[in-house]
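Student: Could we go through this structure together, one question at a time? I'd like to see it first.

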Amino acid sequence: QVQLVESGGGLVQPGGSLTLSCAASGSIFSINAMAWYRLAPGKQRELVAQITSGGSTNYADSVKGRFTISRDGAVNTVYLQLNSLKPEDTAVYYCNVYGYYTKYRAFTEWGQGTQVTVSS
């Protein structure tokens, strides 16, 4: 079993910054990719950013140049640096991890979600 613990959300003014973190622990053989999604009221879940074990990244067009995803493989933690925040970034942000329990058993797990609110 794998557990994800997220932290770092909160209330910030437009133009401000936040850093989200998500730590994975448990029966982890390897991690292939870690990602952040968000869900805003009345909208569909959106992939915000993803990073692979090799360090390749991709971002939603709406956050390119403002958000940065990174990971620390030694502690199975993924970060999302949110800069130049806008009210439309307000959402619950969820961490997602895809990996393997053993050499042949894959998993995908979700964090509990952390609220980001951008408002003056």
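Predicted model: local features only at pLDDT ≥ 70, side-chain atom pairs only at ≥ 80, totals over all residues.

Student: Okay. Which strands stand at the edges of the open sheet of 4 strands?

Tutor: Start with the order, which is β1-β3-β8-β7, paired antiparallel. Two of these strands have a single partner each, so one side of each is left without a neighbour in the sheet. Those edge strands are β1 (2–7) and β7 (67–72).

Student: And which residue in β8 does Ser 70 stand opposite?

Tutor: β7 and β8 (residues 77–82) run antiparallel and are joined by 6 bridges. Across from Ser 70 you'll find Tyr 79.

Student: What about the largest nonpolar core: how many residues does it have?

Tutor: Elements giving two or more residues to this core include β1, β7, β8 and β9 (91–100). Among the members that touch the most others are Trp 36, Phe 67, Leu 82 and Tyr 93. Leaving aside neighbours within four places in sequence, Leu 82 has contacts that include Phe 67 and Tyr 93. The core's residue count is 30.

Student: Last one: is Asp 89 buried or exposed?

Tutor: Asp 89 sits in the loop between β8 and β9. Not counting residues up to four places away in sequence, it touches Arg 38, Arg 66, Phe 67, Ser 84, Val 116 and Val 118. Buried means under 20% relative accessible area. Asp 89 has a relative accessible area of 1%, so this residue is buried.

Key
Residues numbered from 1 in each chain as written. Heavy atoms only, no water. Pairing = 2+ DSSP bridges. Core = buried A, V, L, I, M, F, W, Y, C linked by side-chain atoms within 4.5 Å. Buried < 20%, exposed > 50% of the residue type's maximum accessible area, 1.4 Å probe, protein only. Contact = heavy atoms within 4.5 Å.
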